[in-house]
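Please work through the following exercises with the sequence and the structure at hand. Each task is followed by a solution in steps.

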Amino acid sequence: MARIRSSPHYRDGVFQNPEGPTRLRPRGSARDLAKTYLDKETRSRRTPHGTPPVHSTTLADLARPPASGLRLTWMGHSSVLVEIDGHRVLFDPVWGERCSPFPFAGPKRLHPAPLPLAALGPVDVVVISHDHYDHLDLPTVKALAGTDTLFAVPLGVGAHLEHWGVSADRLRELDWHEATAVGGLTLTATPARHFCGRGLRNTQHTLWASWVVAGEEHRVYHSGDTGYFDGFKDIGAAHGPFDATMIQIGAYSDLWPDIHMTPQEGTRAHLDLQGGRPGGVLLPIHWGTFNLAPHAWAEPGEWTRDAAEEVGQPVAFPRPGEPFEPAGECPSDTWWRAVSAPIAHPWRRPEVADAPPVHREEVDLAGER
């Protein structure tokens, strides 16, 4: 608490977001929120029609070292294994069946984990972005507590881990703009526009963060959860450009526009991080694994694909568990279409302003009439 109270980002008893006050509660009434979630038409589109495909040879693929020195493996949602310059970094690992305080209720996984956590092998450092259940998972942390891995976490989050059996000497607890060295890597906690809390009473006593990991040859960025803000430009200027960014593009809604990004905002954030121009590889995260928002399940993938293509930005769309190297060929298969219901929007926005409208019932998975 002494470090928390002395933080320049902690005022009036709570941590503060960059760029002023942030709406943390959904807009509108509880009735409006319930109507949005219970709508029969949209509800059926929020989950896949079948089990999303998972890469089948993850374990064998990870047994081979990355040829370029940098390899990313998206495990689903915001969980990513990054092999960078001879080290292994695991971001926001969630191997539990539900992102919830209850084992019997709450959002359940829509696809299995690509491989058992124990099969992942040694990890040099686990990086946590914030303490929400879909990023800080109790069963996963307890399993990792029995290993030798270090944990890099935002200020205040270390108390959760100590309570769950992680010794204090294995914690690197950082405020924004603070850095720590792990082997040959430098990990820096950078700002994000979000919030914290694991209960009904949100005390804002733990910080949320995005992260920069820099090795001898490569550097990557993980956004955690965040709304769009101008701070991406500052992070890019101080730490970029990046070989790869992992950017949150799912669980957005007009009901909470300040704390999550749309696919268009996520693409814009990547460009900001790269100095305003296309570069590196964008890996979309925070989608496909849990049903957390009113939008269609496949919408984040499709709209990110469109937004990135329109600005000429390389983007990777691996199946969960499919490793790829940013220096090589990026996976680009639209794998989600095989299990997605039609959505209420065409896959690609009309490029001509006076193009004839596409009616909702006329849109299918190929974007054809």
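The model is predicted: local features need pLDDT of at least 70, side-chain atom pairs count only at pLDDT 80 or more, and totals for chains, interfaces and linings use all residues. Residues are numbered from 1 along each chain as its sequence is written, and side-chain values use heavy atoms, with hydrogens and water left out.

**Exercise 1.** Describe how helix α7 packs against helix α8.

*Solution.* 
Step 1. Helices (H or I, at least four residues) and strands (E, at least two) are DSSP runs, numbered from the N terminus. Helix α7 covers residues 231-239 and helix α8 covers residues 263-273.
Step 2. The two helices pack at an angle of about 35°, and their axes are 7 Å apart. Axes are lines fitted to C-alpha atoms, for helices over the stretch in contact, and angles run from 0 to 180 degrees between N-to-C directions.
Step 3. From α7, Phe 232, Lys 233, Ile 235 and Gly 236 meet Ala 269, Asp 272 and Leu 273 of α8, where contact means heavy atoms within 4.5 Å.

**Exercise 2.** Determine the surroundings of Asp 225.

*Solution.* 
Step 1. Asp 225 is found in the loop between β12 (219-222) and α7.
Step 2. Asp 225 is buried (under 20% relative accessible area; exposed is over 50%, partly exposed in between; 1.4 Å probe, protein chains only).
Step 3. Asp 225 has no salt bridge (a side-chain nitrogen of Lys or Arg within 4 Å of a carboxyl oxygen of Asp or Glu). The nearest side chain of opposite charge, Arg 198, is 11 Å away; Lys and Arg count as positive and Asp and Glu as negative, while His and the chain ends are not counted.
Step 4. Beyond its neighbours within four places in sequence, Asp 225 is in contact with residues including Ser 129, Asp 134, His 135 and His 286.

**Exercise 3.** Locate His 286 and state whether His 286 is buried or exposed.

*Solution.* 
Step 1. His 286 is placed in the loop between β14 (281-285) and α9 (299-311).
Step 2. His 286 counts as buried because its relative accessible area is 2%.
Step 3. Its phi is near 70°, a positive value in a residue other than glycine.

**Exercise 4.** Which residues does a cis peptide bond join?

*Solution.* 
Step 1. The cis peptide bond joins Gly 240 and Pro 241, with omega about -5°.
Step 2. Pro 241 belongs to the loop between α7 and β13 (244-248).
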